[in-house]
Amino acid sequence: MNQGLAMNQVRGDYFDTFNTITSPAPQEVLQAAMDECAYYNKLLSKTVPGSDVWRINHNHGEPVTVSEHTRTILEMALEMNRASEGAFNIAIGPAIALWHFTDGTAVLPDPEKLKEAVKRADCSRICLEENTVTVPEEVEIDLGGIAKGYICDCIADSLRARGVTSALLNFGGNVVTVGKRPDGQPWTIGLQRPSGERGKEFWAAVKSSDNTLVTSGIYERSFQLNGMTYHHILDPRTGWPVQNHILTVTAVTKSSLLADAITTALFVLGPEKGLALAQKYGVSAVYLRDDGKVFFDPDLDIVFVK
Ligand code: AMP
Ligand code: MG
């Protein structure tokens, strides 16, 4: 949303999304923080040979020593798996791979192969002891539902360490605000209207300062076939996209790592179970259903756009 102030902006193409940092701070300071994304991409991408995730997935069941960053993400991922009773599941990697959402060749997977992939999605077989991860050969992890939140937290901390007191990070639906706007007002974050033009049409707005807003929506990555929409958030029990009439869910809290993990879980769980889980974590959440009905935490300071 236009914050109506003189701002610098840097853009970066990382993690299969378009990322921006907007701030009155000098362009080179913002660029230096954005450039750190290359480091996190090299560490956490499942397709970059030698990354922590690549080594976990290619180590034939042998233990792998990972960075502190990866350990922090895995701890949250495994906790969220338990807390959401399996709705959030990073072991869903083989099922995700069958859908080809990120390389532009999305297809309906072979149902037998999908069943096989789901059998392999057993998070309880991921063993994390301090910085050592052991994953059986047939289990493959995918941090697509959680890593961006962690990276956003890290880049926001890096901006703060560089003396930036006011900034808005938007990493493909993962928003973090550093401080307030330069005029002392909180930032206004628009929630993307699922059917609207990206970055231009919003269905609601939330005020935010030193906070994070993370959205999981079916419009992020999806394709249409025979009148059906197939999107990238999978039910770990079946390997098929979740069909619960939810279009989008947003979580608001302090940690973007938590927000990213929980938002994916909230999407899978749906409003009833999801709002209860969010409350347990002190997270405010808002859902939009395909009939226009909204479910939200009454503590959330939200304005709906007609
Ligand atoms: P998000 O946009 O954060 O909800 O993350 C969606 C991404 O997380 C997908 O593109 C997949 O890489 C991965 N993913 C899909 N379904 C799940 C799930 N049930 N649990 C964890 N990660 C998932
Ligand atoms: Mg997520």
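The structure is a predicted model, in which local features need pLDDT of at least 70 and side-chain atom pairs count only at pLDDT 80 or more, while totals for chains, interfaces and linings use all residues. Residues are numbered from 1 along each chain as its sequence is written, chains are lettered from A and ligands numbered from 1 in the order in which they are written, and side-chain values use heavy atoms, with hydrogens and water left out.

The shell around ligand 1 is considered first. A residue is taken as near a molecule or strand if one of its heavy atoms lies within 4 Å of it. There are 15 residues around ligand 1, and those that come nearest are Asn89, Ser216, His232, Leu234 and Thr264. Sorted by class, this shell consists of seven nonpolar, six polar and two charged residues. In this scheme Ala, Val, Leu, Ile, Met, Phe, Trp, Tyr, Cys and Pro count as nonpolar, Asp, Glu, Lys and Arg as charged, and the others, Gly among them, as polar. Helix H8, spanning residues 256–269, gives the most to the shell, with three residues. Helices (H or I, at least four residues) and strands (E, at least two) are DSSP runs, numbered from the N terminus.

Polar contacts are pairs of N or O atoms within 3.5 Å; within protein, one must be able to donate a hydrogen and the other to accept it, and residues adjacent in sequence count only if both atoms are side-chain atoms. An N or O atom in the side chain of serine 216 is 2.6 Å from an oxygen atom of ligand 1. For aspartate 142, a side-chain N or O atom is 3.1 Å from an oxygen atom of the ligand. A nitrogen atom of ligand 1 lies 3.0 Å from a backbone N or O atom of alanine 87. On its own, ligand 1 has 500 Å² of accessible area, of which the protein covers 93%. Accessible areas come from the Shrake-Rupley method with a 1.4 Å probe, and for residues only the protein chains shown count as cover.

Threonine 264 is found in helix H8. This residue counts as buried because its relative accessibility is 14%, where buried means under 20% relative accessible area, exposed over 50%, and partly exposed in between (1.4 Å probe, protein chains only). The side chain of threonine 264 reaches two backbone oxygens, that of aspartate 260 at 3.2 Å and that of glycine 145 at 3.4 Å. With residues up to four places away in sequence not counted, threonine 264 touches Phe88, Gly145, Ser216 and Ile233; contact means heavy atoms within 4.5 Å.

Serine 23 lies in strand E2 and counts as buried, at 0% relative accessibility. A polar atom of the serine 23 side chain lies 2.9 Å from the backbone nitrogen of alanine 25, and a polar atom of that side chain lies 2.7 Å from the backbone oxygen of serine 166. Residues up to four places away in sequence aside, serine 23 touches Met7, Asn8, Leu30, Val164, Ser166 and Ala167.

A disulfide is defined as a pair of cysteine sulfur atoms within 2.5 Å, and by this rule the count comes to zero. For cysteine 37, the closest cysteine sulfur is that of cysteine 152, at 7.9 Å, which is too far for a bond. For cysteine 154, the closest cysteine sulfur is also in cysteine 152, at 9.4 Å, again too far for a bond. Cysteine 37 is buried at 0% relative accessibility, and cysteine 154 is buried with a relative accessible area of 13%.

Backbone geometry was also examined. Most residues other than glycine have a negative phi. Aspartate 16, in the loop between strand E1 (8–14) and strand E2 (17–23), has a positive phi of about 60° although it is not a glycine. Aspartate 16 is exposed, with a relative accessible area of 54%. Aspartate 210 has a positive phi of about 45° and is placed in the loop between strand E9 (202–208) and strand E10 (212–217). At 34% relative accessibility, aspartate 210 counts as partly exposed.

Aspartate 103 is in the loop between helix H5 (93–99) and helix H6 (111–119).
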